[in-house]
Amino acid sequence: MRDPLQLALQDLKARVFANVVLAPRTHVRIGGPAEWLVEPLTESAVQQLVRVCRELGRPLRVLGGGSNLLIDDAGVRGVVMELGALNRVVRDGDRLTAGAGTSLPTLLRGARESGLAGLEILTGIPAQVGGAVAMNAGTRDGETFDLLASLTVVEPTGELRVLGRPDFAPRYRDGGLAGRICVHATFDLQPDDPKRIYQRFRDSLERRNATQPVTERSVGCVFRNPGEDSAGRLIERAGCKLMRVGGIQVSGRHANYFVNDGTGTCAEFLKLVELVRDRVRREFGVELELEVVRWTAG
Ligand SMILES: Cc1cc2nc3c(=O)[nH]c(=O)nc-3n(C[C@H](O)[C@H](O)[C@H](O)COP(=O)(O)OP(=O)(O)OC[C@H]3O[C@@H](n4cnc5c(N)ncnc54)[C@H](O)[C@@H]3O)c2cc1C
């Protein structure tokens, strides 16, 4: 008998694929197959997909740029939704509205070229707009929610809703979406000379390139910074730099980055997480918390 989920997916305005290995869709190149990978072509297809999964009791996850995800080697059951087709950017005065699947670097370039400043605080973050919102991605210059005027989300019930600033509940590296799916976001920017915007962008890119292993496969920062302290500094001072498990190693450039030499697995990554946590706990009595989002099989 055909799976009712498979039948329902046929009716969606979406591209649907079965049994797709997720590793190539993540920055760290780790992760087994998704039972179903669905790429909705419209926001209403996102709503429909949310309703179908809810009615059938099947797990639904959203994959953004895959830059902050650690996915099990065994993969995940149910549906992984990819929003790359929702990538339209519209300007209205000093505001830009971008689909959740828009790549952040592309949005930054567009804003810069059209003389809109602000987004350069997010320079070098390899996210999609939806993922940057979900994680409240940021740098020492500011975070995503500093720039947001409104958000359009799909509720867990499938309803479309617009959230304004009073509805926002962002925290450090957490946009507080609480199970909602961001389908587009509106950013409030300021007019400025493209040359000046470009200079700020170049400066932060140079700073990043000098201190982070930006060209290697990673998930960005593995652990949250504990309070005012820096997780990277604690890991380095606990002597963990260059510690390795299989294909995964603590970066020599920035100790809160673990890099994959191309052969690493999720199991090895997690083993290294535990070794580093243990050392930091023993040295400083600090319990490091994961910043990277884990997708476990099931
Ligand atoms: C080299 C490198 C540098 C990095 N530098 C930084 C940095 O400076 N600052 C920083 O904050 N982070 C940084 N990161 C981490 C990462 O880029 C951010 O966390 C980013 O916000 C993740 O976005 P994404 O689109 O890749 O999301 P994913 O990694 O695909 O997903 C992350 C989470 O967001 C959820 N999500 C994705 N899209 C949506 C959506 N549309 N609606 C609801 N939920 C969604 C996913 O389900 C998942 O829970 C870096 C990562 C790398 C690899």
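A: We begin with the polar contact, a pair of N or O atoms within 3.5 Å; within protein, one must be able to donate a hydrogen and the other to accept it, and residues adjacent in sequence count only if both atoms are side-chain atoms. Here a backbone N or O atom of glycine 65 is 2.8 Å from an oxygen atom of the ligand. For glycine 64, a polar backbone atom is 2.7 Å from an oxygen atom of the ligand. A nitrogen atom of the ligand lies 2.6 Å from a backbone N or O atom of glycine 138.

Q: How much of the accessible area of the ligand does the protein cover?

A: Accessible areas come from the Shrake-Rupley method with a 1.4 Å probe; for residues, only the protein chains shown count as cover. On its own the ligand has 970 Å² of accessible area, and the protein covers 93% of this.

Q: On what model do these values rest, and how are residues numbered?

A: This is a predicted model, in which local features need pLDDT of at least 70 and side-chain atom pairs count only at pLDDT 80 or more, while totals for chains, interfaces and linings use all residues. Residues are numbered from 1 along each chain as its sequence is written, and side-chain values use heavy atoms, with hydrogens and water left out.

Q: How many residues surround the ligand?

A: A residue is near a molecule if one of its heavy atoms lies within 4 Å of it. The ligand is surrounded by 35 residues, and Val62, Gly64, Ser67, Asn68 and Gly138 are the closest.

Q: Which domains is the protein divided into?

A: Domain bounds come from an automatic or database domain assignment. The domains are domain 1 (4-82), domain 2 (89-211) and domain 3 (231-295). Between domain 1 and domain 2, the C-alpha centres are 23 Å apart. With contact taken as heavy atoms within 4.5 Å, 16 residues of domain 1 touch 14 residues of domain 2.
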